[in-house]
Every structure is written in C-alpha cells, then in structure tokens.
Amino acid sequence: MNNETALDTFSELFHSLQRNKRDKVGGMLSGCEAELQELMRQIDIMVNAKKVEWDSQLHVLQLQLDKKKKEAGILKIEVGAKMQEVLQ
C-alpha cells in the first residue's frame, strides 16, 4: 500500500461503512456519526501534514547523505594517494 492510499484509508473506510449503514437503514447520519466523520477528516489532514513534513525531512537527509558520500570518496582517494607516497 503506498502512502497516498494509506492516507485515504480512514476516510474511505468510514464512508464505506456509512454507505452500508444508510443502505440498510436508509437513514441520515446521527450526531455522533457526523462528529466521527469530521474527526476522520481532521485525522486525514493531520496525517497528510505529517507526511509532507517527513518527506521534506527525508529529502534534506538524502542531500546530506549524498554530500557525505562524496566527501568520503574524496578522502578515500586522498588516503590512497598518501599511501602511495609512503610506499615509494
């Protein structure tokens, strides 16, 4: 399951249950169900906001990792050159 699918799962699950209940009962939402629907919507918003935050942090960490890998490569070359000097 990808991240976008996971974000929609709460709302979709609730809406599916809600449709099934309406089909069986043929009624409107009770006050509690309306509050639950709003809560699910708010949860979806919060989860999506966290995902955006984490994606941003992940991007920054990926850039830092790439920089460190390049630095390590340069240092490895320099150490190899110094080893050649010492061995000659």
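Analyst: Let us begin with one residue. Glu-53 is partly exposed, with a relative accessible area of 36%. Please keep in mind that this model is predicted.

User: How is the label "partly exposed" to be read for Glu-53?

Analyst: A residue is called buried under 20% relative accessible area and exposed over 50%, with partly exposed in between. Glu-53 has 36%, so the label is partly exposed.

User: With which residue does Glu-53 meet in a salt bridge?

Analyst: In general, one looks for a side-chain nitrogen of Lys or Arg within 4 Å of a carboxyl oxygen of Asp or Glu. Here the side chain of Glu-53 meets that of Lys-50, at 3.4 Å from N to O. Lys-50 is likewise partly exposed, with a relative accessible area of 36%.

User: Where do Lys-50 and Glu-53 lie?

Analyst: Both belong to helix α2, and they are three residues apart, about one turn of the helix.

User: How many salt bridges does a search of the whole structure find?

Analyst: The search finds four. Among them is the pair Arg-41 and Glu-38, whose closest N and O atoms are 2.6 Å apart. These two residues also lie in helix α2, which covers residues 31-87, and they are three residues apart. Arg-41 is partly exposed at 42% relative accessible area, and Glu-38 is partly exposed at 31%.

User: What share of the residues in the protein chain is buried?

Analyst: Of the 88 residues in the protein chain, 9% are buried. The chain has two helices and zero strands. Its accessible surface comes to about 7,700 Å², and 62% of that surface belongs to carbon and sulfur atoms.

Terms used. Residues numbered from 1 in each chain as written. Predicted model: local features only at pLDDT ≥ 70, side-chain atom pairs only at ≥ 80, totals over all residues. Heavy atoms only, no water. Helix = DSSP H or I, 4+ residues; strand = E, 2+ residues; numbered from the N terminus. Buried < 20%, exposed > 50% of the residue type's maximum accessible area, 1.4 Å probe, protein only. Areas by Shrake-Rupley, 256 points an atom, 1.4 Å probe, with all protein chains shown as cover.
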